[in-house]
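Thanks, everyone. I'll talk about salt bridges today. Here is the model.

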Amino acid sequence: MRCLRLLRRGLLSMLPSKRGSAGADAGQPKRPKTASPNGAPPEIDEDLHSRQLAVYGRETMRRLFASDVLVSGLNGLGAEIAKNLALAGVRSVTIHDVKNVDMWDLSGNFFLSEQDIGKNRAVACVSKLQDLNNAVQVSALAEELTKEHLSKFQAVVFTDISLDKAYEFDDYCHSHQPPISFIKAQVCGLFGSVFCDFGPEFTVLDVDGEDPHTGIIASISNDSPAMVSCVDDERLEFQDGDLVVFSEVQGMAELNDGKPRKVKNARPFSFSIDEDTSSYGVYTKGGIVTQVKEPKVLRFKALRDAMRDPGDFLLSDFSKFERSPVLHLAFEALDNFRKEHGRYPTAGCEQDAQKFMKFAAVINEASVESKLEKIDDKLLRHFASGSRAVLNPMAAMFGGIVGQEVVKACSGKFHPLYQVCVMGTYHLCHADIHYLWLMKLHFMQFFYFDSVESLPTRQLDPQDLKPSNSRYDAQISVFGSKLQKKLQDANIFVVGSGALGCEFLKNLALMGVSCSSKGKLTITDDDVIEKSNLSRQFLFRDWNIGQAKSTVAAAAASAINPSLHIDALQNRACPDTENVFHDTFWDGLDVVINALDNVNARMYMDMRCLYFQKPLLESGTLGAKCNTQMVIPHLTENYGASRDPPEKQAPMCTVHSFPHNIDHCLTWARSEFEGLLEKTPNEVNSFLSNPAQYAAAMRKAGDAQARELLERVSECLDKERCNTFEDCITWARLRFEDYFSNRVKQLTFTFPEDASTSTGTPFWSAPKRFPRPLQFSAADSSHIHFIMSASILRAETFGIAIPDWAKNTSKLADAVNKVAVPEFKPKKGVNIVTDEKATNLSSASVDDVAVIDDLLSKLEEYAKNLPPEFQMKPIQFEKDDDTNFHMDLISGFANMRARNYSIPEVDKLKAKFIAGRIIPAIATSTAMATGLVCLELYKVIAGEHPIEDYRNTFANLALPLFSMAEPVPAKVMKHQDLSWTVWDRWSIKGNLTVAQLLQWFSDKGLSAYSMSCGTSLLYNSMFARHKERLQKKVVDVAREVAKLEVPEYRRHIDIVVACEDDDGNDIDIPLVSVYFR
């Protein structure tokens, strides 16, 4: 996630826009319901929900599975909310509506089609909503709602309700026992609002969803207050006021009492506790300090009270500091307008706009404490004109926000839309800067948002806003028919068809993008559908598992809008496919939308968009967080202009010999898994396939790594070769002894517990943890399960049939107990790497070459004893199949190692998250990100928008925090009268010689001294022999020196030219394209 800069800019968005009163209060918590109908905890399909489990955890998921939710109002917003809840896996979703489908609904509700016009909106949606998740009970309600209907739900959401009716229902929900969480949300054109009331007393069980922060203690003073210093391995994340507990402290054992203590004077690597430790024991070593996350009780106002005294508004955009109070007024005025006229204001109608503004003026005059001194009439006109439209991007964005608020209401996970913090300190990465903000508790139950800057820059003609009985009428009422035509004619490239890609395709189809004969939408993805995709990639169904993502998604998008012109490809966008995505393809594009999940692919697309000067709309998610970045030619910086610092990697010696957390153990476990079951079998097969070629390669390498590879291959085909399943059990048992006993005994023999470093400090000081060897016991279930998974996977690599009793722990234990385990004696002089900068644990030897020759000779002999055509079956790690024993073995590896080092163990699910490098993902943040991007798409397609109109966003739905800011402008470089940015490419027409090209630069006051093409140097003034190239054509030199093959479709070559000015200063100029054809 590239959100540091956005977060830095957006921190202040947590501040209130105006002062209010009251706040959270202490009291007895009322926890969300968790019981299932039969009283048993509901089972969680971990294959399906693995990414969501990584965000919520099992307990939250169980609460969701026991929750019933009502969504009233199946316009586009209601459909998005219902979709997100079905994907989240609540127990039931009841959708309610008394209105019938009309043409306007097709702009926002992706469940509906023209065949549904005239049907009840809820009834028309129910079957398609059910298809998203068969584990969720979906039902439709088409009658008028009464208060009694609400009593069976944990949360109710209204998207199309009058204020009077909302008062009535909220009063009932607020006073109900237990309270029913009430949410009122509304989208009116480019404006939206959310109000939350979770009752007079609601408990937040986990405020932010982050793992508790920890620190490894280096020292504790005997003082008052006591100073706690931690190792400088990682910066502490504690803040003043946090509660922490101590464990494993040696010497000052009084702190190990489990009592929470408050942090004071928090610094990057130290803090104080308000406690007198002068009489405690003297700290000697060890200790872990862990943050304690306490539940928080919130007291919500009822809607009618909040309307009278709205308190503060959660800000998302500081350029609109005074906007929220005006929008609060506008939504109330709209309710009055609809009450009197029975309809919405007509788009572009001046008479209706005047009536609307009159309602707003009357309401404002009646407001004593919150009266606005000035009302933005232009803003109110925009609001009134588009108020009937439920635009898809707005519905997607607010569907994500509201869906997440429902999850909070049902589970207590994450902080609701309620209030900001009391006080805190924020540390920016790589800077000892402390941002301190201090504020009182303020009610913030309302959230307002607008994207008025998405409107065309030119004044809209009221005639252009009139409906034409098309599915795009709602969108036309806001943007006009001219922009609608541009959208339909657009040529769009969507890269990726996963969670983001599915949401984008749905949005684009509803918006009418690429839906004319001129328009075209190309989507590409080389991946296939897996079960774990179904919890958020909502265009896929279980019968699509194994099929190409892009093909299935394209078909589903076409079902949403049959006019969509879409071409689905299964190519990875990368240098190898530039014959597919060639110059002509790129030249015809209007916009590129990234829906990718890795930085390397994003960097490549960024490079291509820079080269072809195409807008790139970028987004990403990480759990409840999401970010968007707009990359606009000649206006903004590109994606690659700024990058977050790389994640800190643990030193190799730490992972292999000195782990101090479970991440280290799991990293080691996956490495061992791949080495034993994939890499070594592959090496064996390489040798057996072509022994002579393999031997030549090893002799050519002739180093310690080659020697170690050969040693592993030799062991695999000799001492550790398995012919029966019993052999595999023996191998697994001896591996257990080697990993978790013998190696530890050798390590502690080489470095005893009282060992010292060359400087005299204890060798086993923090963060190192002194290990203890394990004693194998067949009675220990974790030991026997390690043997089971290891022996089964070993058998797979040798093609050995797995007997039925292999999974019977008692029979397996009998077999294991028959294995003879040789006694181990530590050796002197064993080299164990302790240098944290070491990148290779292989130790070189003077006789590596001789050893390699000897091993190769032995391998030839071992091969003679193998069956004809023998090949091993390498196992590639697959984290998402819980029946394949992969994660069983990796979690077994990690937990046994953790036990060696007294590190807390983890269950298989947590191990899967870490070792499988699973990216936490939920549907709500994905929906929000794509909605925000599509609001920017309006601007890109319309054109003529200044950089001030565009928005980059960082959001965290868990807090919730929304931070929007203008993109960073592209850096301008200058030389004399020339100026350029990263977006510029100097194009030179003509089949020039090298000398002519040099002269071209000279005419611009630049001395070109070096030219290169790819990795090849075409010309450098320092080399005398390069002078003979001066009269040759540049393209010919590139063909001769760089071996460049120019495809027929390409009319130019690109070269990088190094220049300096008259004073000898290097000038960084753009890429140069020589058009020789």
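Start with helix H25, residues 848-864: lysine 864 and glutamate 861 both sit there, three residues apart, about one turn of the helix. Helices here are DSSP runs of H or I, at least four residues, and strands are runs of E, at least two, numbered from the N terminus. Lysine 864 and glutamate 861 form a salt bridge, closest N and O atoms 3.2 Å apart. By salt bridge I mean a side-chain nitrogen of Lys or Arg within 4 Å of a carboxyl oxygen of Asp or Glu. Lysine 864 is exposed at 61% relative accessibility; glutamate 861 is partly exposed at 44%. Buried is under 20% relative accessible area, exposed over 50%, partly exposed in between, with a 1.4 Å probe and protein chains only.

Some ground rules. This is a predicted model: local features need pLDDT of at least 70, side-chain atom pairs count only at pLDDT 80 or more, and totals for chains, interfaces and linings use all residues. Residues are numbered from 1 along each chain as its sequence is written, and side-chain values use heavy atoms, leaving out hydrogens and water. pLDDT is the predictor's confidence in each residue, from 0 to 100. The protein chain averages 91.

Next, arginine 261 and glutamate 275: a salt bridge at 2.4 Å, N to O. Arginine 261 is in strand E11, and glutamate 275 in the loop between strands E12 and E13. Arginine 261 is buried at 4%. Glutamate 275 is buried too, at 12%.

Last, arginine 899 and aspartate 780, 3.0 Å, N to O. Arginine 899 lies in helix H26 and aspartate 780 in a loop, so the pair ties together parts 119 residues apart in sequence.
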